[in-house]
Amino acid sequence: MNIRLLVIRTGSPEKTAAFYSLLGLIFDYHKHGNSPYHYTTQIGETILEIYPLAKNQTEADKNLRLGFTLDNFDTTIDTLKQQQVPFIMEPTQTDFGFMAIITDLDDRKIELYKK
């Protein structure tokens with residue numbers, strides 16, 4: 001089994017896509033069917049999409065936690081620090097590998113692992 005699709009909803013899709021681009025992701029902006037315009041990228045077999053908030057949503061889900069293994073960990077960490085991205089945990093060795101934890105624009109925790 002593989003994860004095929006992850007959808008993040010946000011009040012600022014363009015800014016959120018720009019934020020995740022700092023991790024090296026490249027997004028397309030499109031729509032299909034009756035969906036709203038949204039950002040999409042593929043990571044391995046998984047599609048990550050960034051959608052605007054649903055009509056009944058007033059804020060993004062802050063409980064979603066994502067983790068990414070980065071090919072260019074050190075360079076990405078430097079870029080994130082230059083952009084003043086908040087770090088919950090500075091890069092450190094853990095039982096799960098060398099990692100850092102940041103927050104995105106909606107305060108979701110994002111785990112970053114060194115490949």
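**View 1. K62 pairs with E59 in this predicted model.** The side chain of K62 meets that of E59 in a salt bridge. The N to O distance is 3.9 Å. A pair counts as a salt bridge within 4 Å. Side chains of opposite charge can pair when their charged atoms come close. By this rule the model has 7 salt bridges.

**View 2. A salt bridge joins R65 and E111.** Here the N to O distance is 2.9 Å. R65 sits in strand β5, residues 65-70, and E111 in strand β8, residues 109-114. The two residues are 46 apart in sequence, so their pair ties together separate parts of the chain. Are the two partners buried or exposed? R65 is partly exposed, at 41% relative accessible area. E111 is buried, at 18%.

**View 3. K114 forms a salt bridge with D74.** The closest N and O atoms lie 3.3 Å apart. This pair links distant parts of the chain: K114 belongs to strand β8, D74 to helix α2 (residues 73-82), and 40 residues separate them. K114 is partly exposed, with 38% relative accessibility. D74 is also partly exposed, with 45%.

**View 4. The largest nonpolar core has 22 residues.** Which of them touch the most other members? They are Y20, L23, F68, I102 and L112. Several elements each give at least two residues to this core: α1 (13-21), β4 (46-52), β5, α2, β7 (97-103) and β8. Look at L112. Beyond its neighbours within four places in sequence, L112 is in contact with residues including L23, F68, L70, F73, I77 and L80. F98, M99, A100 and I102 are also in contact with L112.

**View 5. Helix α2 has buried residues and exposed ones.** F73, T76, I77 and L80 are its buried residues. They lie on the same side of α2, because they cover an arc of only 100 degrees around the axis. An α-helix has 3.6 residues a turn, so residues three or four places apart point the same way. What covers the buried residues of α2? The cover includes β5, β6 (87-94), β7 and β8. On the other side of α2, T75 and Q82 are exposed. Just after the helix, Q84 takes a positive phi of about 60 degrees.

Definitions and conventions. Residues numbered from 1 in each chain as written. Predicted model: local features only at pLDDT ≥ 70, side-chain atom pairs only at ≥ 80, totals over all residues. Heavy atoms only, no water. Helix = DSSP H or I, 4+ residues; strand = E, 2+ residues; numbered from the N terminus. Buried < 20%, exposed > 50% of the residue type's maximum accessible area, 1.4 Å probe, protein only. Core = buried A, V, L, I, M, F, W, Y, C linked by side-chain atoms within 4.5 Å. Contact = heavy atoms within 4.5 Å. Arc of directions from axis to C-beta.
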